[in-house]
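Hi,

Here is the structure I promised to pass on. Please have a look at it first, and then read on for what turned up.

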Amino acid sequence: MIAPMALMAALSAPVMAEENKSPIVGAWQMTSLQSAAADGTYSTVPYSGQVIFTEGGTLSVQASDANPGAADTTYTMNGYEAYYGPVVVDHKAGTFTITVSSSLVRALEGQTLVRKFEVTDDQLVITPVDASEGWRVTYDRQ
């Protein structure tokens, strides 16, 4: 009698999270950062970094420009970018939205950033929703 009950318990157990896990969840190593020119062509910017999407719904980004004298930008200070916060992924729309909780660039804190994404096998490509921002980042799953 114990075996059939054990079988019933196994069949009624919840599906393992791994089977239902979003394809974007995990740690991703940057392989390419590209910047768009006015004519729409892309050039590679020497960057390295990673992005992590957790099952608990957070995102963290760290990236570094190979040029130690790089000018500050909206997202970087001294050529370095780092921020994290809660993230909501919309698979149907192919977007995610992060509300920045903490950032190296304090002006980003509290901002909501929406990004497009595409996961193909073990590659993640992130682009801005507003194409005029003119960048594209590619990552490989770690």
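Let me start with a charged pair: R115 and E133 form a salt bridge, with their closest N and O atoms 3.8 Å apart. A salt bridge here is a side-chain nitrogen of Lys or Arg within 4 Å of a carboxyl oxygen of Asp or Glu. This pair links distant parts of the chain, 18 residues apart: R115 is in strand 8 (residues 112–120), while E133 is in the loop between strand 9 (123–128) and strand 10 (135–141). R115 is buried, at a relative accessible area of 6%, whereas E133 is partly exposed at 36%. For these words, buried means under 20% relative accessible area, exposed over 50%, and partly exposed in between (1.4 Å probe, protein chains only).

Before going further, a note on what you are looking at. This is a predicted model, in which local features need pLDDT of at least 70 and side-chain atom pairs count only at pLDDT 80 or more, while totals for chains, interfaces and linings use all residues. Residues are numbered from 1 along each chain as its sequence is written, and side-chain values use heavy atoms, with hydrogens and water left out.

How confident is the prediction? The protein chain has a mean pLDDT (the predictor's confidence in each residue, from 0 to 100) of 88, and 86% of its residues reach 70 or more. Residues 1–18 stay under 50, and the model has two contacts for them beyond four places in sequence; contact means heavy atoms within 4.5 Å. Where pLDDT is low, the predicted coordinates should not be read in detail.

Now the overall layout. The protein chain has two helices and ten strands, and from the N terminus on the order is α-α-β-β-β-β-β-β-β-β-β-β. These elements are DSSP runs numbered from the N terminus: helices are H or I with at least four residues, strands E with at least two. Of the 142 residues, 31% count as buried.

Strand 1 (residues 26–36) and strand 2 (residues 42–45) pair in the antiparallel sense over four bridges; pairing requires that DSSP finds at least two bridges between the strands. Within this pair, L33 stands opposite V45 in strand 2. The hairpin has five residues between the strands, and G40 takes a positive phi near 90 degrees there.

Further along, T99 is in strand 6 (residues 95–99) and is partly exposed, with 34% relative accessibility. Which residues does T99 contact, leaving aside its neighbours within four places in sequence? They are Y84, G85, P86, G110, Q111 and T112. T99 and G110 are eleven residues apart in sequence, and their C-alpha atoms are 6.1 Å apart.

Back to charges: the count comes to three salt bridges. Another of them joins R141 and D122, with the closest N and O atoms 3.2 Å apart. R141 lies in strand 10 and D122 in the loop between strand 8 and strand 9, so this pair ties together parts that are 19 residues apart in sequence. There is also R106 with E109, at 3.1 Å between the closest N and O atoms; R106 is exposed at 62% relative accessibility, and E109 is partly exposed at 30%.

I hope this helps you find your way around.

Best wishes
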